[in-house]
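Let's walk through this model together, starting with its strands and then turning to its aromatic rings. Please keep the 3D view open as you read.

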Amino acid sequence: MTGMDGIEIRDDRDAGRLEAVADGEVVGRIEYFVLDEPAPALVPVHTVVEPAHEGKGIAGSLARELYALAAREDVVVAPLCPYVVRWAARHPEEAPAADPALLRAAKEWLAAHPGRF
């Protein structure tokens, strides 16, 4: 998917990264994992934008695409990343709230995999 300013967003599912690419360079990313239980969910943990590219809306584009990706796969987003939590609160029409049980499960998974992020 190519968005504004020629930024392409690509999903590297194996690495657990949704990446924003400009001119062949990764300028931002959301690091996430896939939760299987109690229900399938994408769980964003960190949002990172390279300092030279801050203020261009890249993080918001990444968050929007993560929710769109989840919707296409018919799964939910259970955000642990503070940025994505704030973005979702500002865009409820694009970012349905996750079940609290899913968020608890996501936090437990993260605690059980301390080296993952």
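Which residue in E3 is the bridge partner of Val21? In this predicted model, the partner is Val26. The two strands involved, E2 (residues 17-22) and E3, pair in the antiparallel sense over six bridges. Their hairpin has two residues between the strands, and Asp23 takes a positive phi near 50° there.

Follow the chain onward and you come to a hairpin of five residues that joins E3 to E4. Strand E4 (residues 41-49) runs antiparallel to E3, and eight bridges join the two.

Now for the rings. The structure holds three aromatic pairs. In one of them, Phe33 and Trp109 have ring centres 3.9 Å apart and planes at 20°, so this pair counts as stacked, the cut-off being under 30 degrees. The pair links distant parts of the chain, with Phe33 in strand E3 (residues 25-35) and Trp109 in helix H3 (residues 100-112), 76 residues apart. Phe33 is buried, because its relative accessible area is 3%, under the 20% limit. Trp109, at 23% relative accessibility, counts as partly exposed. Together with Phe117, Phe33 and Trp109 form one aromatic cluster.

Another pair brings two helices into the picture. The ring centres of Tyr67 and Trp87 lie 5.8 Å apart with planes at 25°, so these rings are stacked. Tyr67 sits in helix H1 (residues 58-72) and Trp87 in helix H2 (residues 82-90), 20 residues apart. Both Tyr67 and Trp87 are buried.

Technical notes:
Residues are numbered from 1 along each chain as its sequence is written. This is a predicted model: local features need pLDDT of at least 70, side-chain atom pairs count only at pLDDT 80 or more; totals for chains, interfaces and linings use all residues. Side-chain values use heavy atoms; hydrogens and water are left out. Rings of Phe, Tyr and Trp (its six-membered ring) pair if their centres lie within 6.5 Å; planes under 30 degrees apart count as stacked, over 60 as edge-to-face and the rest as tilted. Helices (H or I, at least four residues) and strands (E, at least two) are DSSP runs, numbered from the N terminus. Buried means under 20% relative accessible area, exposed over 50%, partly exposed in between (1.4 Å probe, protein chains only). Two strands pair if DSSP finds at least two bridges between them.
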